[in-house]
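This report looks at how the parts of the assembly meet. Please view the sequence and structure first.

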Amino acid sequence: MLKKLDSEAVKELKIKSANVRFKTVELIHNAGAGHTGGDMSAADILIALYSYMNVDPKSKNSCDRDFFIMSKGHSAEIYYNVLAEFGFLDYESLDTLGSFGSEFGGHPTNNIPGVEANTGSLGHGLGIGVGIALGLKRDNKTNQVYVLTGDGELSEGSNWEAAMSAGKYKLDNLTWIIDRNYLQISGKTEDVMPLEPLKMKINSFGFEVYTINGHKYEEIFEVLNVPFFRKPKAVIAETIKGYGIRDGENIASWHHKVPDKKQVAQMEVDMKSLIEEIKNG
Amino acid sequence: MGKQKLREVFSNKILEEAKKDSSIFVVCTDSRGSAMIGDFAEKLPKQFVEVGIAEQNAVSLASGLAHVGKKVYVVGPASFYSTRASEQIKVDVAYSNNNVKIIGISGGISYGNLGATHHSLQDIAFMRSVPNLDVIIPSDANQMRSIVDDLLRNEKPTYVRVGRGAVSTIYNQNETFEIGKSRVLRRGSDIAIFVCGQLLERALGVADLLKNKGYDATVIDVFTIKPIDKNTILQYSKMCGVGMTIEEHSIYGGLGGAIAEILIQENPIPLYIAGLPDRELPNGTDVEVFNAVGLTIQELTNKAITMIKHKKE
Ligand SMILES: Cc1ncc(C[n+]2csc(CCOP(=O)(O)OP(=O)(O)O)c2C)c(N)n1
Ligand SMILES: [Mg+2]
């Protein structure tokens, strides 16, 4: 449970991120399928959360744990890698991804250690999170609940039904993080189905809303540490889809593009030099 | 025998027709790519509606468009339409009698290891229980084209499910099909095999293998689950005295259920229902999963022989 960041801790998290993002790109290449773009945009949010939350491989079933719901289940490859990085899984076990009978599918299921909910059909996670948070509050418990959704995902009305309930019950144990990469499968979110003014919308549902850079650990930790104002918290985390992939940043078609051999090699070089830079910087 | 993706057959055909008829509309839910309908969106933007990832909204909105005279095709993953938007299909489309066709793509288990969230193995069960809704599971490209012709002519609320991958062409190019009539491909009196969708190819393989072993099977492509072709089903079940159904759906409530309902009331004969078992499926491609759950030509043939012997005893 890392709650406060010093510059050494930030460096460590950034190095983790570079490693995990490379491993994820490699995993997708080997599996022959995956949701590359949204994996990369969610990387830092996931790493920050798993560093911050009160949950680890030993406490993953304890009733005192914090809960995380990965509503954007298509970003399974980064989720699996982060779970492996934090000790919930063996990295090697991921090698079966994409082959027949693997315990790992293209979307996460709760057979996998650390996974709380079976997601993949978009628009479920926030409602599940609201239910968990409400149940905990009714029991006067202080566990925290975190939900990560996509931005394109927010066209599903179920999110807004859940948001209304979170507002009604003043769930000051619920943090809803939005991976705001401004892209979905068919293109820009603002062309496919405009979300703006997103902050105002969510605010009007009874949330305190913050906008941060979803790749800056200082900002992610700061917002996680902001106290609740007797209402749920929403975080619009602005991110880059395909973050770190040289040919793949901010390009809609990288939503589920599988990186080729050259692109994996390039990513390895780029992440290695990034790590050097972080160490020296 | 060529192979074609039925979602592509649909998108080509609908674009061609919509150029001639401006009342044809296509509604998508961030599903343009998988529906292979990007061309339509570009060439006919006034007849295209994108609602984002919102299947329920897509179906209600489509019903509104139909209410003012549009011929509306909602195109997206069968899994999400048949479950998330099921109430909108029941109430806004079927019950309200709006001319909306739901084209469920990548149906059955064709999304493979994307898992149960992306499989549609309950859709036949639900859709066929909704009054005033036709349910069609095409098996090849030529049949698909003919069915789209039919869909364009009629005004009936309809659910059509196609798969993701390319399927073998079974029928001739200009063969025509009528909604409500099944198609008999083989005639034999030992067993009647009823099948729909991409498993038709395997059913024909079963008939061939049975032939090698000295048995004659009837194979009927029941591509219209509703309205179902009761006469043909009864005719051949009477001739054979034993039957088998093969489908890419839960063993409960699908084609097998539909056939069993007819047979039990009018011509009770032993019937083996082959489909996806009532449990979590292993991760894998559709072919890998079919093979793992006994939907292989060999295993289905063995079952068929057991059924035939059972009849003769
Ligand atoms: C209910 C539902 N409809 C459609 C899909 C298909 N789908 C998977 S990912 C995706 C786009 C998601 O976009 P966004 O939420 O912005 O995710 P990100 O950009 O973070 O990858 C879609 C339409 C789905 N998984 N679930
Ligand atoms: Mg997005």
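## Interface of chains A and B

Under the rule for polar contacts, 13 residue pairs, both at pLDDT 80 or more, are found across the interface of chain A and chain B. The side of chain A that touches chain B holds six nonpolar residues, 19 polar ones and three charged ones. The model is predicted.

In contact terms, 28 residues of chain A meet 22 residues of chain B. The size of an interface is often given as the accessible area lost when the parts come together. Here, the area buried between chain A and chain B is about 1,800 Å². Carbon and sulfur atoms give 48% of that area.

## Salt bridge

How many salt bridges does the rule find across the interface of chain A and chain B? The rule finds one. A:E156 forms a salt bridge with B:R84. The closest N and O atoms of A:E156 and B:R84 are 3.0 Å apart.

## Site of ligand 1

Ligand 1 is surrounded by 24 residues. The closest are A:K72, A:H74, A:D151, A:K241 and B:E55. Because residues from chains A and B surround ligand 1, the site is shared between chains.

Polar atoms of chain A approach ligand 1 as follows.

- A:G120 has a backbone N or O atom 2.7 Å from a nitrogen atom of ligand 1.
- A:E153 has a polar backbone atom 2.8 Å from an oxygen atom of ligand 1.
- A:K241 places a polar side-chain atom 2.7 Å from an oxygen atom of ligand 1.

## Magnesium site

Which residues coordinate the magnesium ion (ligand 2)? They are A:D151 through OD, A:N181 through OD1 and A:L183 through O, at 2.1 Å. Along the chain, these donors follow the spacing D-x29-N-x1-L.

Are A:N181 and A:L183 buried or exposed? Both A:N181 and A:L183 are buried.

Terms used. Residues numbered from 1 in each chain as written. Chains lettered and ligands numbered in written order. Predicted model: local features only at pLDDT ≥ 70, side-chain atom pairs only at ≥ 80, totals over all residues. Heavy atoms only, no water. Donors = N, O, S within 2.8 Å, 3.2 Å for Na, K, Ca; no water. Buried < 20%, exposed > 50% of the residue type's maximum accessible area, 1.4 Å probe, protein only. Contact = heavy atoms within 4.5 Å. Buried area = accessible area lost by both parts, 1.4 Å probe. Salt bridge = Lys/Arg side-chain N within 4 Å of Asp/Glu carboxyl O. Polar contact = N/O pair within 3.5 Å; in protein donor to acceptor, adjacent residues only side chain to side chain. Nonpolar A, V, L, I, M, F, W, Y, C, P; charged D, E, K, R; others polar. Near = heavy atom within 4 Å.
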